[in-house]
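Please consider the sequence and structure shown below before reading on.

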Amino acid sequence: MSKATLNTDTVHRVGFLDKASLHIPILRILQADGTTYETAVLPVIDETLATKIYDTCVFTRVLDERMLGAQRQGRISFYMTCTGEEAAIVGSVAALDQEDVILAQYREHAALRYRGFTTEQFMNQMFSNEKDLGKGRQMPIHYGSAALHYQTISSPLATQIPQATGVGYSLKMQGKRKVAVCYFGEGAASEGDFHAGLNMAAVLKCPVIFFCRNNGYAISTPTEEQFAGNGIASRGVGYGMHTIRVDGNDMLAVLAATQQARAYAIEHNAPVLIEAMTYRLGAHSSSDDPSGYRSKDEEAKWQQHDPVKRFKLWLINKGWLAEADDVKLHEKYREEVLAAVKVAEKIPVPMLDEIIEDVYDKPTPVLRKQLAELKEHIKKYPQAYPKSAGRL
């Protein structure tokens, strides 16, 4: 075994290591009252950046509120919020370069918004209309944007983790000083793809930031039923990569950690693991009822750690935000989102022929045959497919 990678210290009596052997501190900068800890080292941030971060948080909160309501009204089929996890998502994306490649799980729409995804683009995707960048082929909240370097969401857990290693390796081979950033929850870290992806990234020295949102639950499964180790951060150390655990409800801590993680990944062509300790304030999705696996008291406790409120207090303390302006901002986005919903839901779905385009260079005979059969089926039962029947 190589002495370069293994500790060669020896002992002469049995002594086992356990999860307490590795002490992993948690980075905190911003306190609940909007003040910073006395000895805290702040990230690189100015009023312009701070304002953009908060604007993204407010838009995302409003979008989540409105679209969950739209799902309940039957206007869209599915929705997932990032309520309570905004600092983990926005704080990290704000530390990136616009051309760094994002591989998200399914709760990172705030990152897409930060990069410039418009309200209309969000709506077109969720209503799967003809203006949707994904041509209506994905269920709601499965966004993607080549222009914004945000790879399209895939529903199966953890598939993006080894893909991120491949993207990072590609960036390195091309000599680009960019990183791949891979978001996932602690539940996804129980998949085999997590272990394969991190090990490859460490061995091949790929500039990838693996960002774990540890929100306490994999849908309804609490962390204590998922793993017995010292969280997810200990695994990064085990795979030989730089690792940090951060308060995921602390915008400044997440921003600072990600800024330095990106600098390290580029300078050393090496991966970094960030574990952000946070909490999902809402349901896992519009199909979930969290009252079946967690208490109202638990939720109320975590409401006190609301990351958006904490950051808002810091902005007010800095003199960068006034309460009156905050009220106007919320109202602006409520009106904007509602107006966009009314427009997007009236735009027709894509023409049916588009369903087989872009799958291969040229549609295969099998796909053409299936499309013809689909058209005949819809013609026979048009009342069952009111949107598609007119798009043959």
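The text below begins with the sheet, moves to its strands, and then turns to a helix and some loop residues.

This is a predicted model, in which local features need pLDDT of at least 70 and side-chain atom pairs count only at pLDDT 80 or more, while totals for chains, interfaces and linings use all residues. Residues are numbered from 1 along each chain as its sequence is written, and side-chain values use heavy atoms, with hydrogens and water left out.

The UniProt record, in an unreviewed entry, lists residues 55–350 as "domain: Dehydrogenase E1 component"; positions from that record are given in the numbering used here, feature names are shortened, and annotations may be inferred rather than shown by experiment. Over residues 55–350 the chain is 45% helix and 11% strand, where helices (H or I, at least four residues) and strands (E, at least two) are DSSP runs, numbered from the N terminus. The end C-alpha atoms of this stretch lie 32 Å apart.

Seven strands form an open sheet with parallel pairing, in the order β1-β8-β9-β5-β4-β2-β3; two strands pair if DSSP finds at least two bridges between them. At the edges stand β1 (26–27) and β3 (150–151), each of which pairs on one side only.

Within this sheet, β4 has six of its six residues buried, so the strand is largely enclosed by the rest of the structure. Buried means under 20% relative accessible area, exposed over 50%, and partly exposed in between (1.4 Å probe, protein chains only). Ala180, Cys182 and Phe184 point one way from β4, whereas Val181, Tyr183 and Gly185 point the other way. On one side, three bridges join β4 to the parallel strand β2 (residues 101–103); here valine 101 stands opposite alanine 180, and isoleucine 102 opposite valine 181. β4 also pairs with β5 in the parallel sense, over six bridges, and tyrosine 183 faces phenylalanine 211 of β5.

Phenylalanine 211 also stands opposite isoleucine 274 in β9, as β5 and β9 pair in the parallel sense over six bridges. Five of the six residues of β9 are buried. Six bridges join β9 to the parallel strand β8 (residues 242–247), with valine 246 opposite alanine 276.

β4, α6 and β5 make a right-handed β-α-β unit, as do β8, helix α8 (residues 251–268) and β9. A crossover is right-handed if, with the strands pointing away from the viewer, the path from the first strand over the helix to the second runs clockwise.

Helix α6 (residues 192–204) has 13 residues and reaches 18 Å from its first C-alpha to its last, close to the 18 Å expected; the expected span is 1.5 Å times one less than the number of residues. Its buried residues are Phe194, Gly197, Leu198, Ala201 and Ala202. Seen down the axis of α6, these fall within an arc of 125°, so they line one face of the helix; the arc is that of the directions from the helix axis to the C-beta atoms. An α-helix has 3.6 residues a turn, so residues three or four places apart point the same way. The buried residues of α6 pack against α5 (160–173), β4 (180–185), β5 (208–214), α7 (233–238) and β9 (272–277), contact meaning heavy atoms within 4.5 Å.

Just after α6, lysine 205 takes a positive phi of about 55°. Alanine 158, in the loop between β3 and α5, has a positive phi of about 75° although it is not a glycine.
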